[in-house]
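Please read them with the structure open beside you.

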Amino acid sequence: MKVHITVNGVPADTDVEPRLLLVHYLRDTLGLTATNVGCDTSSCGACTVLVDGESVKSCTVLTVQADGTDITTLEGLSPSPDELHPMAAAFRQEHGLQCGFCTPGMVMAAVGLLEEHPRPTEREVREGLKGNLCRCTGYHNIVRAVLRASGQDPDAAPDLVAPGFSTGSGT
Amino acid sequence: MSIMGTRVVRTEDPAFLTRGGTYTADIALPGALHLTLVRSPVAHARIASVDVAEARSAPGVVDVVTGTDVDLEPVRMGPVGHAAMVRPFLATDRVRFVGEPVAAVLTEQAYEGPDAAELVIVDYYPLPAVVDLQAAARDEVLLFDEAGTNTVVGFGLEKPFDEHLFDGCDAVVTAEIVNQRLAAAPLETRAATAQWGDDGRLTLWCSTQNAQATRAEVAGWLGIETARLRVITPDVGGGFGAKIGADPEFALVGWLAQRTGRAVRWSESRSENMTGMLQGRAQRQTVTIGGTRDGRVLAYRLDILADAGAYPRLGAFLPYFTRSMAPAVYDIARVESRARVVATTTTSIGAYRGAGRPEATAAIERAMDMFATEIAADPAEVRKRNLIPPDAFPFRTKGRVTYDSGEYAKALDLVLDAAGYAGLRAEQAARRERGDAVQLGIGLATFVEITGGGAFAEDASVEVHPGGTVTVLTGTSPHGQGHATAWAMLASEHLGIPIEMITVRHGDTDLVPRGAGTMGSRSLQTGGVAVDQAAAELVELAKQRAADVLEAAVGDLELVGGAVRVRGTDASVALGRLAETERLRTEATFDSGAPTFPFGAHLAVVEVDVESGKAVVNKIVTVDDAGPVLNPLIAEGQRHGGIAQGIAQALFEEVVFDPDGNPLTASFADYGVPSAAELPSFTLLDMATPTHLNPLGVKGIGEAGTIGATPAVQNAVVDAVAHLGVRHIDMPATPLRVWEAIRAGSS
């Protein structure tokens, strides 16, 4: 099937197999390998990209479903390695990445999160990134990076309130 | 100003953040075939037949291979085990776990592989599964008939336990504890790509923690000289111990590339990974602790029954470490332990972050809390009463290892103070008094671990090139630990050349033929020290050369900002200039000769909803003392990751098999890797007690988090509901388990 998709500002008309997942179109057809595959159940979010500005797990989308869309992957986010996008710069500053495998998806999800919540609380960051797994960082520095990218001082954030319960006494 | 101990952001990050890492699956060789493995859906069976006829004629199929086609000898893949416990590269007559490869399908396109694999028809004749460890130990159903037993190895089984061990104890507590099986679950699954060159050499790109050991293993399995194999590890997307060494699939990929004369790519799916990749922990422990009513522990016993999985690998050896670390941070007069390791029809066990030590720590930290409860004492006080004092080091333990240095009580006091221990206890008492639905639990763990064990030596070379750039070669091999930055810092400290001009290379056996890789929290204290020494020697070499150029005595020279200068003058020559006529390169080997013993204390604050059983970690305060810190940003990152995995073991994760050996947690939809939403931020405290075993004074930091946090959180959950009659809850302390424990305790 013919699709017209713009990726990182570059439009292309391509003939694709109907079952081709968007993530494989990006990785194998276009050779944009920053976007990774970490699971087969849409659980890990390593494949997250922006589709028309919204963060989407590209392993859950068929390429043909993305016809006519404008997609941004990690490769299209920063102008150059010397000039990082504010989110990418914050990840570096806060050591929000270790092995780097979840990073492209995590960064794109975080960019999408700030689109919706420009000044999130720590809890909102944690809930907002729930669909993206990282095995290295324990999320501590990822959360700090997203707070920093939103213009907030991560050190000024109030003591964490764990999800689920209040820290106060009583019920 | 020294760069040592400063928060240098990573030099490797701009690439990771703009083009992404280059992982094995990203390497697209032209014309490469895609490998899809047909894996056993049954845990234990005889293979009656494998019919590949239909698969062969499927679109895009180039070759379909079964076990009888493979002319590689089945091999014993672990350091211990009966000689008959060997694994074939594709199963021939028998399968021993769900996920064991049975046939290999090679296709032109990736999507064609699973289509064709579905057409392979395997006729399995089911055999009884062996999942339960006690059943395995009874040898009623054998995995390897010729071995005559399922016991892979025993440690300390030669003599019976001392029946007088607990003589003189006023209080003795015993408990059965499960240290459950976990999946390492690196975000990058296993992958390998192989290509034979016209020169008769095989190049293997693969995701591993140690290229050099992988080369030796794969060459051995393929029956070729190591010189004919080049192993390259591109970026590696996490390992956590499960990527130590080679997996049998790596050799199979190389063999298939030879058979077809084409490059072959393999990258497994997550569900394959959750059955095929080495898993960790998997011990059943019986702990017994005894002492006086005033809190002095006199005797401790640890009896381990450990799972090796189907084909014994490194995991079968790890209870050895558990025994070594059994007495932990405590000075206990009488300690004994033993371990039996058995094969089961499940995924093989290997190393997982901590690898034998978290199991030891979890056992004694639970025991310490149960003992404290038994004598109605505060768990912090009981620990203090029994800690090895700071003036006792080096301390020879009842686990027959020598702890290098430690300040255990100081670490515990730091976390107690920072967390406001007395206030927390008061809050807990108030909630109990009120009968709140959300109860507070405070959990402690004091711990010591062994790092840099096993392989004590590592090489490094440092070379300054004309123009002043620097290359560092190291046999350690990062998968997220930031070696490129950290090793550049070490070289920069000596050379005065900025880290941006220093390239650290690793993980290519043609470039770095020797090295033991990154595992066991060993890199800085072995490979890092070697870099430090090579850089120091390079400065001396440069001074000798500069003495001629500058016509000065070596003793009058100093190194400043990447140049050798005559002290007190402007006369200087840049290191890059000194490399123009002759290579300016040094090598160093460092051999510590002994492991180091980092230690610390973790305090977890947990809230438990007694109506639902749900436990939430509110706060975790930790001291992880691994000696002086080279880069706090990186070291803290290691602690964070370990703490998260520790919390995950305590509350969320468990690999589960049903009685027939079917994995019930074979995807990320079923296995509880926590997200950011389930975890708190962490409170890290600093403490740095050096070791005398290397000139930097450093110990390992990579695994501390899993060792301290796991029992701290588990203890906190039990503590939260202890007043309801609960004495112990096995990990993971899921809402159901906690709720059941409360119900049983109250009844």
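1. Residues are numbered from 1 along each chain as its sequence is written, and chains are lettered from A and ligands numbered from 1 in the order in which they are written.

2. The mean pLDDT (the predictor's confidence in each residue, from 0 to 100) is 93 for chain A, with 91% of its residues at 70 or more. Residues 160-171 of chain A, however, fall below 50, although this stretch has 30 contacts in the model beyond near neighbours in sequence; two residues are in contact if their C-beta atoms, placed from the backbone, lie within 7 Å. Where pLDDT is low, the predicted coordinates should not be read in detail.

3. Chain A has five helices and five strands, arranged along the sequence as β-β-α-β-β-β-α-α-α-α; helices (H or I, at least four residues) and strands (E, at least two) are DSSP runs, numbered from the N terminus.

4. In chain B, three strands form an open antiparallel sheet in the order 4-2-6, where strands pair if DSSP finds at least two bridges between them. Its edge strands, each pairing on one side only, are strand 4 (94-95) and strand 6 (121-126) of chain B. Strand 2 (residues 45-51) of chain B pairs with strand 6 of chain B over six bridges, in the antiparallel sense, and B:D51 stands opposite B:I121 of that strand 6.

Definitions and conventions. Predicted model: local features only at pLDDT ≥ 70, side-chain atom pairs only at ≥ 80, totals over all residues.
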